[in-house]
Amino acid sequence: MSFEISRVIRRVSRVFLVAAAVTSLAGCQVRPLYSSVDGAGPKLAAVKISQPRDRVEQLVRNHLVFLTNGGAGEPAHADYQLQLYVTSVRADVLDEQVARNTPTRVTVSATFSLTRVSDGKVLKTGARSITSLADVGLQEFAKLRAYRDAEDRASRELAEFLRGEMATVLARNG
């Protein structure tokens, strides 16, 4: 008799644990960050990005415009303004040249400020840096091309990070 009671208690406790797990999971509100329902997608499409001052800033800006609007270009009516300032720095990894190529790093940095246009409230300010590595050869054209390719890679990656930062802020309190 006591054996049957303990079996019944074990079954009831298992059912209770499963019910508790299902109930706790029902409270989860996991949604995609870029979803269209109360997400950041439409808000990202309403961000106007400041005009660039140089080639690297133009690369970051162009990729951001593409990422935020899905290739549709800039918004006609902007609800948000992104003030963007991008710099690029080149530095050799080693003090002296090794064989034919010199390992180099290119760091593309951005400082940004995301503002709501309607009331002028600053939603987010920050800074981000991305480093890209390159092997720079002895020929002048190859050297320029290596630097440019590294800047291009770092600019694309920087734009991805900036889009993620904006999406997080806009999904939370845009």
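## Overall layout

Helices (H or I, at least four residues) and strands (E, at least two) are taken here as DSSP runs, numbered from the N terminus. On that count, the protein chain has four helices and four strands. Read from the N terminus, their order is α-α-β-α-β-β-β-α. This is a predicted model, where local features need pLDDT of at least 70 and side-chain atom pairs count only at pLDDT 80 or more, while totals for chains, interfaces and linings use all residues. Residues are numbered from 1 along each chain as its sequence is written, and side-chain values use heavy atoms, with hydrogens and water left out.

Of the 174 residues in the protein chain, 32% are buried. Buried means under 20% relative accessible area, exposed means over 50%, and partly exposed is in between (1.4 Å probe, protein chains only). As for contacts (heavy atoms within 4.5 Å), take those in the protein chain with a separation of 6 or more: 67% of them come from residues 24 or more positions apart.

## How α3 sits on α4

Let's start with a helix pair. Helix α3 covers residues 55–69 and helix α4 covers residues 140–173; they pack at an angle of about 45°, and their axes are 8 Å apart. The axes are lines fitted to C-alpha atoms, for helices over the stretch in contact, and angles run from 0 to 180 degrees between N-to-C directions. α3 and α4 are therefore oblique to each other. The cut-offs behind that word: under 35 degrees is roughly parallel, over 145 roughly antiparallel, 65 to 115 roughly perpendicular, and the rest oblique. The crossing of α3 past α4 is right-handed, which is to say that the near helix is turned clockwise from the far one by less than a right angle, with anticlockwise being left-handed.

Which residues meet? From α3 come R55, V56, L59, V60, H63, L64, L67 and T68, and on the α4 side they meet R148, E151, D152, S155, R156, L158, A159, E160, L162, R163 and M166. Sorted by type, the residues of this contact of α3 with α4 are nine nonpolar, three polar and seven charged. For that sorting, Ala, Val, Leu, Ile, Met, Phe, Trp, Tyr, Cys and Pro count as nonpolar, Asp, Glu, Lys and Arg as charged, and the others, Gly among them, as polar.

## The nonpolar core

A nonpolar core here is a set of buried Ala, Val, Leu, Ile, Met, Phe, Trp, Tyr and Cys residues joined through side-chain atoms within 4.5 Å. The largest one has 34 residues, and L64 and L84 have the most contacts inside it. Two or more residues each come from β1 (47–49), α3, β2 (80–92), β3 (102–116), β4 (122–136) and α4. The biggest giver is α4, with eleven residues. In soluble globular proteins, nonpolar side chains tend to be buried together.

Now for L64 itself. Setting aside neighbours within four places in sequence, L64 is in contact with I49, L82, L84, A159, L162, R163 and M166.

## Along α4

S155 belongs to helix α4 and, at 1% relative accessibility, counts as buried. Its contacts, apart from neighbours within four places in sequence, are V56, L59, V60 and V108. D152 is in helix α4 too, and its relative accessible area of 16% makes D152 buried.

Beyond neighbours within four places in sequence, R153 is in contact with S132, L133 and A134. R153 and I130 are 23 residues apart in sequence and 9.2 Å apart in space, C-alpha to C-alpha.

## Two strand residues

V86 sits in strand β2 and is buried, at 3% relative accessibility. Not counting residues up to four places away in sequence, V86 touches D54, V56, E57, V60, V108, S109 and A110. From V86 to Q58 there are 28 residues in sequence and 8.9 Å in space, C-alpha to C-alpha.

L123 lies in strand β4 and counts as buried at 12% relative accessibility. L123 and S113 are ten residues apart in sequence, with 7.7 Å between them in space, C-alpha to C-alpha.
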